[in-house]
Amino acid sequence: MAAITAAMVGELRAKTDAPMMECKKALTEAEGNMERAEEILRVKLGGKASKAASRITAEGVVASVISGNVGALIEVNCETDFVTKNDDFIAFANACAKIVAEQNPADVAALLALPLNDSTVDTVRAALIGKIGENMSIRRFQRFETNSKLTSYLHGTRIGVVVEFDAADEQVGKDVAMHIAAMKPVSLSVEQVPAELIEKERSVASLKAAESGKPADIVTKMVEGSIQKFLKEVSLLNQTFVKNDKQTVEQMLKSVDASVKAFTMYVVGEGIEKKQDDFAAEVAAQVAAAKQA
């Protein structure tokens, strides 16, 4: 059997960008044949992507792109925070945002089938899973195309906002985008707050009001008061503007003859149930396995 040298491993890694240990294993299996080792890696990396597919991806990044009156916001997920700092992972997310803006895919499945780097988005994703060793998924995206103005704000890589607005001063849009990232409204106006959120809040408010022991008519008024307060807190136009607590966002916009037509905000992993690792149980399992071996 041919000796597997560090130089051979380095050469294969340079060609495939696969992890060092995977390169060494592939060369060993191929008995030093470089072309055969490349084939083995392609198969193994694809297999690794398949095995990873069931693992929860609750970390990730939000990326955005704006070109004139077209823009996009996208959330790409991975398993651990460590990968969110990987240059290749970040580049993939940015490339996907650009594809969304330029090619307007109907949904995530359509995006995955679009071309990227002489391949497809999904093939590049699978190769990246093999290289890094973590599951990755494109969770969601929103595309904008408008006759108004667009601006975006990224708070690190975990919170992203795109705002569609009309204003003479571009800074107005940027200020609103930063406000949204800080205050996290769920809708533009009170009328647009999702009905299921209102019902959930009404249920909580009703339980609290009932505990007061007050007459039914008073309880009803207490519940409605709580709902009205909730609606103002979660609708953008009714929120207190973060840069001036004497104004609502709507009042600020009117004072500069501006308006917000729409916005999208993504918070990485929002609504995804994260896996809770039991470290003690994991160690115990490893010790038991070692004893059996």
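Visitor: What is the bridge partner of Leu 150 in β7?

Guide: Glu 164 is the bridge partner of Leu 150 in that strand. Before going on: this is a predicted model, where local features need pLDDT of at least 70, side-chain atom pairs count only at pLDDT 80 or more, and totals for chains, interfaces and linings use all residues. Residues are numbered from 1 along each chain as its sequence is written, and side-chain values use heavy atoms, with hydrogens and water left out.

Visitor: OK. How many bridges pair β6 and β7?

Guide: Seven, in the antiparallel sense, with β7 covering residues 159-166. Two strands count as paired if DSSP finds at least two bridges between them. The strands (E, at least two residues) and helices (H or I, at least four) are DSSP runs numbered from the N terminus.

Visitor: And what is the strand order in that sheet?

Guide: The order is β6-β7-β8, an open sheet of three strands with antiparallel pairing. β6 (149-155) and β8 (259-267) are at the edges with a single partner strand each, so one side of each has no neighbour in the sheet.

Visitor: Which helix lies across β6, β7 and β8?

Guide: That's α7, running at about 140° to β7. Angles here run from 0 to 180 degrees between N-to-C directions, with axes fitted to C-alpha atoms, for helices over the stretch in contact. Asp 175 sits in α7, which spans residues 170-183.

Visitor: Is Asp 175 buried or exposed?

Guide: Buried, because its relative accessible area is 11%; buried means under 20%, exposed over 50% and partly exposed in between, using a 1.4 Å probe and protein chains only. Leaving aside neighbours within four places in sequence, Asp 175 is in contact with Phe 241 and Lys 243, where contact means heavy atoms within 4.5 Å.

Visitor: New topic. How many residues has the largest nonpolar core?

Guide: 27, and Phe 89, Phe 92 and Val 121 are among those with the most contacts inside it. A nonpolar core is a set of buried Ala, Val, Leu, Ile, Met, Phe, Trp, Tyr and Cys residues joined through side-chain atoms within 4.5 Å.

Visitor: Which helix gives the most to this core?

Guide: α4 does, with eight residues. A second, separate core has 22 residues, including Phe 165 and Phe 263.

Visitor: What does α4 pack on?

Guide: α4 packs on a sheet, touching β1, β2 and β5, and its direction makes about 145° with that of β2. That open sheet has the order β1-β2-β5, with antiparallel pairing. Nine bridges join β2 to β5, and Glu 75 stands opposite Arg 140 in β5.
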